[in-house]
Amino acid sequence: MSGVTVVLGSQWGDEGKGKLVDVLAQDIDVCARCQGGNNAGHTIVVNGTKFDFHLLPSGVINPNCVSIVGNGVVVHLPSFFDEVAVTESKGISVKGRLFLSSRAHLVFDFHQIVDGLKEAELGRGSIGTTKKGIGPAYSSKASRSGLRVHHLFNFPEFEEKFRQMVINKKKRYGDFEYDVDAEIRRYKDIAQHRLPEFVVDSIPFMHKQMAAGKRVLVEGANALMLDLDFGTYPYVTSSNATVGGVCTGLGIPPNKIGRAIGVVKAYTTRVGAGPFPTEQLNAIGEHLQTVGHEYGTTTGRKRRCGWLDTVVLEYSNMINGYTSLNLTKLDILDGLDEIKIGVAYHHNGKKLDAFPADLTVLEQVTVEYETLPGWKTDISACRRFEDLPVNAQRYVTRVEQLVGVPIEWIGVGVAREAMIHRPLH
């Protein structure tokens, strides 16, 4: 695996990106996060041990891999260090091989308070955020009033800017309860005693790795349909969860990216509010939710479930240009008599050319489905494509045809080894 490989979510997130990253990370030198914050959640099971990553790149599990949290990530440092502690308590040492960009913006507890206040302010029109402060932190960044990791190493300046940030937020949201002095003490301790060994300037760091011929894997957070520009706005995250976010979030030029792998759940889920054309508010939806254990890694919220939507996937591929796909959780469909795939949207009697920008239109579309027979067989022990039941093979092949991208990886269970690899010819 040469050059930079990128793993991206192609639906509304929760596709199982962490597992593919874990599989690929066994053969790489550098694993990087490029955007998002601890609103993301990747679950990996290795030798019976479960790891839930929110800020750390999944590559930390590989002791020979260096991991970096890039400049495009917004970082809540107390959560970062909590996650380091939990990971090390499970026997994984990150010393000397986990780094944090000096250019990354900081998420503070007041951002999390403001996140909740913003949602309350929106009332019935709320977006359904994780309330981790991610949106408000990106707002601070965009309004050029944010603080970055490197500011902590000039602490008098940091303290002055920090106090002003809180004053400004209270002017906007009212006098919420917040112990500014205690927060400043906490960050001073972090800056002096815990942070220095982790911080690097990520731009020369990444380019030195690439110049040395190191194998680099970038782990995208969230997904295309949650992208700030291309997702179902405003029911989106606050960063670019696309291949473009890899370039801006790590300072990697586009010509360095060799592979872009789109991770696709074999059905569709989303967390939070917003239109969802193939959602099944019926026994099928309940089956997918229950059998698939569809609860958010970060929030614990039930995920909404529905059939696979290839209108979404074609749109996703237009933007990200996938070189191959990883179809995950195919085993969750094992017990179904028949399986549907959403293949087109119709609105006011007309077939739409592509995924619509207008959510009012999206809420009104009628989905055209293809129906395929189920396989009614446990596929969790399958390790080659040829081992799958014929109907499961047909389902995979039909998804390939509809999206126009080869499916290279097929997930058939939760464990690392429950993955079929179909090498590209």
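1. Helices here are DSSP runs of H or I with at least four residues, strands are runs of E with at least two, and both are numbered from the N terminus. On that basis, N317 is placed in helix α10, residues 310–320.

2. The model is predicted: local features need pLDDT of at least 70 and side-chain atom pairs count only at pLDDT 80 or more, while totals for chains, interfaces and linings use all residues. Residues are numbered from 1 along each chain as its sequence is written, and side-chain values use heavy atoms, with hydrogens and water left out.

3. N317 has a relative accessible area of 18% and is therefore buried (buried means under 20%, exposed over 50%, partly exposed in between; 1.4 Å probe, protein chains only). Apart from neighbours within four places in sequence, N317 is in contact (heavy atoms within 4.5 Å) with Y322, V403 and V405. The C-alpha atoms of N317 and G404 lie 8.7 Å apart, although 87 residues separate the two in sequence.

4. An unreviewed UniProt entry lists T297, T298, T299, G300, R301, K302 and R303 under "binding site". UniProt positions follow the numbering used here, feature names are shortened, and annotations may be inferred rather than shown by experiment.

5. Of the listed residues, R301 lies in the loop between α9 (283–291) and β13 (304–306), and R303 lies in the loop between α9 and β13. R301 is partly exposed at 27% relative accessible area, whereas R303 is buried at 8%.

6. The side chains of R303 and E294 are joined by a polar contact of 2.7 Å. A polar contact is a pair of N or O atoms within 3.5 Å; within protein, one must be able to donate a hydrogen and the other to accept it, and residues adjacent in sequence count only if both atoms are side-chain atoms.
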